[in-house]
Amino acid sequence: MKHTLSVLVENKPGVLTRVASLFARRGFNIDSLAVGTTENPTISRMTIVVNAEETALEQITKQLYKLINVLKVQDLDPGDMIDRELVLYKVSALPERRHEIIEIANVFRAKIVDVGRASLTIEATGTGDKLAAMEDLLKAYGIKELARTGKIALARGSRDA
Amino acid sequence: MRVTGAEAIVKSLQAEGVEVVFGYPGGVVLPLFDALYEVEGLRVVLTRHEQGAAHAADAYARVTGKPGVVIVTSGPGAANTVTGIANAYMDSVPMVVITGQVATHVLGTDAFQETDITGITIPITKHNYLADDAEDIPQIMAEAFHIASTGRPGPVLIDLPVDVSRGELNFKYPERLSLPGYKPTVKGHAKQVHQAAALIAKARKPLLYVGGGVLASNAARELKELAELMQLPVVTTLMGKGAFPEDHHLFVGMPGMHGGKFTNYAITETDLLLAVGVRFDDRVTGKLATFATKAKIVHVDIDPAEIGKNRSVDVPIVGDARTVISGMTAELRKMGAEPRTDAWMRVIDDWRARYPFHYHTSDSAIMPQHVVERVRELTKGKPTVLTTEVGQNQMWACQYLRITEPRTWVSSGGLGTMGFGLPAAIGAQLGRPEHMVIDIAGDGSIQMNSQELATAAINKLPVKVVILNNGYLGMVRQWQELFYDRRYSSSTLPQDCPDFVKLAEAYGCFGIRATTPAELDDALVAAFAYDGPAIVDVRVEREENVFPMVAPGGSIDEMLGGIPGGSVSDMLDEELFEEVWE
């Protein structure tokens, strides 16, 4: 089962390596990982998507807590979180088909951020499902290049006391 | 006061009460060695290899309870400590390793003797630091000692670039540390402790399964109190030897692959396994699916990640062994609980009587088990620290020695590091100058760090090395005999190469050989009486095996060798056992 871990860490050199190598050497697979500083510049948030069963997830969590630079580990409840990912698609687009592609982008509230002679670059944000649906449609035109940020997520405000 | 980074390291060591440092100098760590020169109250022990320094510091920590300190240079010096660091990490030994590093402005350029030692040691340290500013040194040193020696102890490494060691700072040692991501839980959850006590109070066949965590938290006295109060039988793992006196009537041996049959039977039959400071290691559990299946399991450990890692647990208690054990004892006293293990102890004693460790004696050949027994008898009642190498020698030491005091047994458990025993003996001797320190060795292992004989000789450390010389990598050969059709691939070592007596003499140590049973005692006595380091080259029966043995991946109650007996269900004295069931 997929879990979204929100991990607060000290913003120090080498912390990403410590976290990533922990997953690797204990045999846990990372689906995606996104890092950035939080409202407090000394603290970063890592959003890590992992595929793991309950016991493995418990072990991952405990092992993460053993790292001195890890402050907090939360397994976000999928029903009670906001999650987003940003993707850039460079799609083959001859002038006569541009229109169709722009139409698709509009439906998904994505933006055209670059237009080339034979391609369009689309910026899209959303949940995994939405982006997968869009990607599926764009494949028909030929995706030349793709870059994604990995998922970031926060628990919903209703969880704050 | 303005001091250099190197001087700040020395001042920090003094602030931490460090008396002995093990090390080896080299280019970029020279400012630090210069600062260490002729510092009163701080002895620098120069080993002959950085690995030796790391093992010596490890053993020093095990016998004293204080963090061991290692100082080496960058590149090869740092890399040579890796096995020693991994060993300390696996066995949860507090250690602070300071490595020199190339100057910050050339870091990352493959400079001469540069290696990314913080990167290399991430998986084998509790934490590590690259000190890139001299001002940070006091803070880093204080954190390193704190992290190494609290919670589940372990090694911490500090990488010190040469320009940082020459940099200047105002030295002030921090009194308070702020480590928001490091707060070990010491006190067990009261409800859980109560629940565990309630289980102990009503168990008919309880068993304490204790390990290195009990020694790390200095809980031997509390353990004995609990065991005696409720008459609980105790098994200690290889790492836990000495946590409970091995001559006590409640002591039931070491469990696992080469443990006692009676011990493994007890684990298989117990209805309440009280696991304290242990980690359900595969060498103990064998096949997990059949390990202690009749038992409720209470697991006490200061490392939450160990609880439920290998085996699901009924009562998890995160906390320090000493605090939790005292808590359980107090609860039991409050309940007015009475011991109920009389019948259970009779079952165990019956097993113990029927399935003791056993070997065939010989008039012509020296049996290795007999050597260990003679070491045991000749040192009985005298303050002794025993170290071991790894392999058959180590297992026979486990089976035939009787360790009765905490922190007098030093053996490489988790990592199984050949070459550990001699440098460990050196570290132990420095930590316990009044004790006789004996390394039970094999002819294979001893050659992995025999250069440290020089360290022993020059520092006048009278360690005794008893080599069970069978001309094989004995444990490898045993596995090849049992599981690889006697194909002794790369496991044969000529018994007389090197000549260990001459090797001892070459280093200025005493060397003596025993080739027949009649010569054994004289050789041991001569070596033990000698005022200095000594080697006893004991030519033992070459193809003796360590039995009993659980086949890799097998159930622990199904053991090969030893006194014949099937699985535990075949081994019960029905009549006696009825009493326990009733």
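I started from a definition: the radius of gyration is taken over C-alpha atoms, and the globule rule is 2.2 Å times the number of residues to the power 0.38. The model I looked at is predicted.

**Entry 1. Chain B as a whole**

I applied the rule to chain B. A compact globule of 582 residues would have a radius of gyration near 25 Å, and chain B has 24 Å, so the two agree. Along the principal axes, the C-alpha atoms of chain B fill a box of roughly 80 × 60 × 40 Å. I then looked up burial and found that 57% of the 582 residues of chain B count as buried. For secondary structure I noted 23 helices and 21 strands in chain B. I also checked the contacts in chain B with a separation of 6 or more: 77% of them join residues 24 or more positions apart.

**Entry 2. Domains of chain B**

I noted three domains in chain B: domain 1 covers 2–170, domain 2 covers 190–354 and domain 3 covers 368–539. The centres of domain 1 of chain B and domain 2 of chain B, taken over C-alpha atoms, are 37 Å apart. Domain 1 of chain B puts 6 residues into the contact between them, and domain 2 of chain B also puts in 6 residues. I sorted the domain 1 side by class and got 1 nonpolar, 3 polar and 2 charged residues.

**Entry 3. Helix α1 of chain B**

Is helix α1 of chain B enclosed or open? I counted 9 buried residues among the 11 of this helix (residues 5–15), so α1 of chain B is largely enclosed by the rest of the structure. The cut-off behind that step is 20 or more other C-beta atoms within 10 Å of the residue's own. The buried residues of α1(B) are G5(B), A6(B), E7(B), A8(B), I9(B), V10(B), K11(B), S12(B) and L13(B). After α1(B) comes G17(B), which has a positive phi, near 75°.

In soluble globular proteins, nonpolar side chains tend to be buried together. I looked for such groups here. The largest nonpolar core has 189 residues, and V70(B) and V536(B) have the most contacts inside it. Helix α3 of chain B (residues 50–64) gives the most to this core, with 8 residues. Another core lies apart from it, with 12 residues, including Y89(A), I101(A), A105(A) and L138(A).

Which residues does V536(B) contact, leaving aside its neighbours within four places in sequence? I listed V466(B), I467(B), I512(B), A514(B), A523(B), L524(B) and A527(B).

**Entry 4. Domains of chain A**

I turned to chain A, where the assignment gives domain 1 (2–76) and domain 2 (82–154). Their centres, over C-alpha atoms, are 29 Å apart. In the contact between them I found 8 residues of domain 1 of chain A and 6 residues of domain 2 of chain A. On the domain 1 side, the elements that give two or more residues are β1 (2–10), β2 (30–37) and β3 (43–51) of chain A. Among these, β2(A) gives the most, with 3 residues. By class, this side has 4 nonpolar, 4 polar and no charged residues.

**Entry 5. Chain A against chain B**

How many residues does each chain give to the contact between chain B and chain A? I noted 13 residues from chain B and 15 residues from chain A. The side of chain B that touches chain A has 8 nonpolar, 4 polar and 1 charged residues.

Conventions
Residues are numbered from 1 along each chain as its sequence is written. Chains are lettered from A and ligands numbered from 1 in the order in which they are written. This is a predicted model: local features need pLDDT of at least 70, side-chain atom pairs count only at pLDDT 80 or more; totals for chains, interfaces and linings use all residues. Domain bounds come from an automatic or database domain assignment. Two residues are in contact if their C-beta atoms, placed from the backbone, lie within 7 Å. Ala, Val, Leu, Ile, Met, Phe, Trp, Tyr, Cys and Pro count as nonpolar, Asp, Glu, Lys and Arg as charged, and the others, Gly among them, as polar. A nonpolar core is a set of buried Ala, Val, Leu, Ile, Met, Phe, Trp, Tyr and Cys residues joined through C-beta atoms within 7 Å. Helices (H or I, at least four residues) and strands (E, at least two) are DSSP runs, numbered from the N terminus.
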